[in-house]
Amino acid sequence: MSADEVRAQPVLRSSVKGIVLDAQSLEPLAGASILLVNSDPPLACSTDEIGHFGLKGIPIGSAELKVSFIGYATLISDPLVISSGKEADITVYLQQTGINGKEVEVKGVYRKGEALNRMVSVSIRPFSVDETFRFPGTYNDPARMAQNFAGVTSGIDNRNDIIVRGNSPSGVQWRLDDMEIPNPNHFAAVGTTGGPVTMLNDNLLTNSDFLTGSFPAQYGNTTAGVFDLRLKTGNSDHHEFWFGLGWNGLEFGSEGPFSNKSAASYIFSYRVSMLQLLSYTGVKMNVVPQYQDLSFKVNIPLRKTGILTITGMGGLSYIQLFDSRKEQSGWMFPDYGENLANGSNLAVLGLTHQAALKPGLRMKTMLYAVSSLVYTSIDTFSNVVTTPSLWAGERSSEVKLSFSSRVYKKFSTKSSMESGLSYDHFFMQFSDSMMFKSSFQVHTGTKEQMDFVRVYGQWLQSLAPSVDLKAGIYGSWLLLNNSWSAEPRIGLDWRISDKHTLNFGAGLYSQMPPHVIYFQINRLPGGAMIQPNRNLDFIRSVQSALSYDFRPTKILHLKTEVYYQYLYDLPVKSSIPQYSLINEGHDFFLNRQYSDSLINKGTGSNYGIEFTFERYYNKQYYFLFTASVYQSTYTAYDNVRRNSAFGVNYVLNAVGGYDFVIGKRRWGILSLGLRATYAGGNPYIPFDVNATVASGETMMDWPASFTVRYPDYKRASLRFGLKRNLPGYNIEFILDLQYRTNYTNVYLQRIDPKTGEIRNFFNMGFFPMATWRIQF
């Protein structure tokens, strides 16, 4: 192609749509000005009566918006990815300045990386959907992306468990548009919050928050961390579609208006396992992970009465890991093997109504239902008894019906208040047992119902132009056993200057144990069955954190945070005085063999320091370096202080990438990314080899609990991406290359009860993954 022909090619353009809101009241701002930064001639527009805007004719590539409004601080947005065939979407929050009657540009009021929730002071990292897709080794999974953040470690390679500051992953809470949901992963396990494959779809997510401790009062029933995820609203102007194929499966989705006469819109995505589809064609495979999921959101503006939203997510998964389909050399042990079948289902459906009752006063009411099911069977066989027989089985289901209502009141530019209540009713059915000493040991077998009530209130007060105080209280009541909690929270922000900030947060926190723990069965000598855990109290903690932020430029961010957490009322047991429930939660099962007859007499502590050095994406590149040094210990019934299961002591992460723009017309982008992780080894409980061989059953060396560690962990990921923009659509190809050294985390450790041989099972060392996507 000649130079004249290249110059004659049209410049590809796309558009940005969005909404501008008051950062405190979340009310739409009509008449706000939107300007494309560095556009010549100026490209601008303004918001309509409900705060929406659309800016068209933006050249393909990266763009920043300047948003201004009378009496509010001007904001420069983060760089937006502008692609053909896909309209960029942004929600803008403006801070009122208290200077009325004129437009002002206040430097330092908005800073990149600030939390969406102004009630949060410390221990928070906002993230965008672009980061989920951009970071190497994330599999487009927000949980795996968060493993790059300070204070966060992972469990095992083939799961996305989030270990926050040494706390159990079971303490992490997932929220989807303010609905509290259980484990949003395929192949989930009761009492855990992670899994191998996420159900969350990055095509539906928008900017969200990840909290790692010292939460404000609106977050309750959690002691470890919160994923506060937001789903974006579908395009109300025109239809858009996407189709993808990759490691996460085959996926297609769409968004758009229901009609040209209505502002109501939809967005949805459906995905199915690629290996499952291949198996239907007759391709032979020993293991076929079967899963599919659907996510959607319907947004219906109502005349003068607010907005009605219908949100849903669901997933089905099933897998068979059968040694009987392998040669004997591939069995779990030389002379016997296992057949494991596992499945899990999840469904979430919510109805939300939001309305501005009057200026500065807003109300949000939600009704939603959550249903989850986990079922597992394990059969064993040997080279002598070749017919598999049942060794263990489980079927656990929960249905939660929830109502919640919140009121937001903005009194002035200096003060605002938020309060709310929620009521949850649970229908539960638990049944599981396993073979132990030649007979089945029943752990649960019951149908139950219970109710959980919560209230909270929190206040934000500006004490001075540079000082904000946040205070609140959270209360909860579990009617099953009358456990209750009243938890004060406090936060303080001091903006020393445009570049320097100090933040402090502290409070009391509590969490229910996994629900199944309440209903564990214990058989008395006379044969009667009791539930000894039914009166367990909440797990509780006191948390505090202090952070210092330094921002030398608008795109560079350095942060140091120190924290201390004291845990108490941890469930422990007298018959195994080294056991604590706090060490469960990062595996494919919750070990119920040891979790009966618990009492709230354990303690624990987590304390450490975290460092973050980050360059936000700008001029085609970004980087993030984090370091965490911490101690995580616990004291069980024997009153001996030990390392916890999650005390790896140190974690170093480095991730970065560069986008090479191809062509003067910016028709394509070549992306390169690199991620590296180095962490201490996980402590574990060793096997008691002699007792195992003598009894013929797996026995643990409890006195040596967590005194031994696996080797240090190293991992590197390399990402290549190519995006091609064409008139009306774009095509993207991503290749993730993951290399795990010989120091990889152990995937599974088992002992042969006959010989005492201990086997460590690892994931593959080199793992390539590819994703292809088209948007139009």
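Which residue in strand 17 does isoleucine 124 stand opposite? Isoleucine 124 faces leucine 211.

## Basis of the model

This is a predicted model: local features need pLDDT of at least 70, side-chain atom pairs count only at pLDDT 80 or more, and totals for chains, interfaces and linings use all residues. Residues are numbered from 1 along each chain as its sequence is written, and side-chain values use heavy atoms, with hydrogens and water left out.

Five strands build an open sheet with mixed pairing, ordered 10-17-18-13-14. Strands are DSSP runs (E, at least two residues), numbered from the N terminus. Two strands pair if DSSP finds at least two bridges between them. Strands of a sheet pair through backbone hydrogen bonds, either parallel or antiparallel.

Strand 10 (124–127) and strand 14 (179–181) are at the edges. Each has a single partner strand, so one side of each is left without a neighbour in the sheet. Neighbouring strands here are turned by 20° against each other on average, direction ignored. Axes are lines fitted to C-alpha atoms, and angles run from 0 to 180 degrees between N-to-C directions. Strand 10 pairs with strand 17 (residues 205–211) in the antiparallel sense, over four bridges.

## Salt bridges

The structure holds 38 salt bridges. The term requires a side-chain nitrogen of Lys or Arg within 4 Å of a carboxyl oxygen of Asp or Glu. One of them joins glutamate 614 and arginine 125, at 2.4 Å from N to O. Buried means under 20% relative accessible area, exposed over 50%, partly exposed in between (1.4 Å probe, protein chains only).

Arginine 406 forms a salt bridge with aspartate 178, with the closest N and O atoms 3.5 Å apart. Arginine 406 is in strand 26 (residues 389–410) and aspartate 178 in the loop between strand 13 (172–176) and strand 14, so the pair ties together parts that are 228 residues apart in sequence. Arginine 406 is buried, at a relative accessible area of 8%. Aspartate 178 is buried too, at 6%. A network of salt bridges links Asp178, Asp228, Arg230, Lys364, Arg406 and Glu418.

## Strands 19 and 20

A hairpin through two residues joins strand 19 to strand 20. The two strands pair in the antiparallel sense over seven bridges. Phenylalanine 243 has phenylalanine 252 in strand 20 as its bridge partner. Strand 19 has two faces: Glu240, Trp242, Gly244 and Gly246 are on the covered one, Phe241, Phe243 and Leu245 on the uncovered one.

Glutamate 255 and lysine 232 form a salt bridge, the closest N and O atoms being 3.6 Å apart. Glutamate 255 is in strand 20, while lysine 232 is in the loop between strand 18 (225–231) and strand 19 (240–246), 23 residues apart. Both residues, glutamate 255 and lysine 232, are buried.

## Alanine 264

Alanine 264 sits in the loop between strand 20 (249–257) and strand 21 (265–272). Alanine 264 is buried, with a relative accessible area of 8%. Neighbours within four places in sequence aside, alanine 264 is in contact (heavy atoms within 4.5 Å) with Gly256, Pro257, Phe258, Asn299, Ile300 and Pro301. The C-alpha atoms of alanine 264 and isoleucine 599 are separated by 52 Å, and the two residues are 335 apart along the chain.
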